[in-house]
Amino acid sequence: MNGRVDYLVTEEEINLFRGPSGLGFNIVGGTDQQYVSNDTGIYVSRIKEDGAAAQDGRLQEGDKILSVNGQDLKNLLHQDAVDLFRNAGYAVSLKVQHRVQVQNGPLGHRGEGEPSGIPVAMVLVPLFVVAMAAAWAIMRYRQRL
């Protein structure tokens, strides 16, 4: 492996409705407390169990929130971002950036002890069928002798 980590970055619009516990997630980041080195963005640090975000299921811990109700979150102090969320109203539209780690390196190489990726049933079932057909053919041949 070359030690490099690759990510697939996607953006999604997520609409949440404020519940009894708010939107159901915590944030970190901002110009005054960077969560990611050299990035002043606002990130989801925790999804609250049974909150609006958890019930929707699309927002994940580690997602970067790009905007709230169309208002860009670039270059905000952490507290200013918190205030934006608190004053966003009942229906809140979030533009979110998801980063999913993808495998890098050759796909064909597997280390010792790693599975080959072929399910056992895909090998055993055809072998069983061939063995049964061979046994049937042998029995038929013996009957004719």
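1. Two strands count as paired if DSSP finds at least two bridges between them. With that in hand, look at E3 and E4: they run antiparallel and are joined by 2 bridges. Here Tyr43 stands opposite Lys64 in E4. Helices (H or I, at least four residues) and strands (E, at least two) are DSSP runs, numbered from the N terminus.

2. A word on the model itself. This is a predicted model, in which local features need pLDDT of at least 70 and side-chain atom pairs count only at pLDDT 80 or more, while totals for chains, interfaces and linings use all residues. Residues are numbered from 1 along each chain as its sequence is written, and side-chain values use heavy atoms, with hydrogens and water left out.

3. How confident is the predictor? pLDDT is its confidence in each residue, from 0 to 100. The protein chain has a mean pLDDT of 85, with 85% of its residues at 70 or more.

4. Now the overall layout. The protein chain has 3 helices and 6 strands, and from the N terminus their order is β-β-β-α-β-β-α-β-α.

5. Strand E2 (residues 25-29) is antiparallel to strand E3 (residues 42-47), and 5 bridges join the two.

6. Next, the inside. Of the 145 residues in the protein chain, 28% are buried (under 20% relative accessible area; exposed is over 50% and partly exposed in between, with a 1.4 Å probe and protein chains only). The largest nonpolar core has 22 residues, and Phe25, Leu59, Ile65, Phe85 and Leu94 have the most contacts inside it. Helix H2 gives the most to this core, with 4 residues. A nonpolar core is a set of buried Ala, Val, Leu, Ile, Met, Phe, Trp, Tyr and Cys residues joined through side-chain atoms within 4.5 Å.

7. Which residues does Phe85 touch? Leaving aside neighbours within four places in sequence, Phe85 is in contact (heavy atoms within 4.5 Å) with Arg18, Leu23, Phe25, Ile27, Ile42, Ile65, Val68, Leu73 and Leu94.

8. Finally, visit H3. Its 25 residues reach 37 Å from first C-alpha to last, close to the 36 Å expected at 1.5 Å a residue; the expected span is 1.5 Å times one less than the number of residues. The number of buried residues among the 25 of H3 is 0, so H3 lies largely in the open.

Definitions and conventions
pLDDT = per-residue confidence, 0-100.
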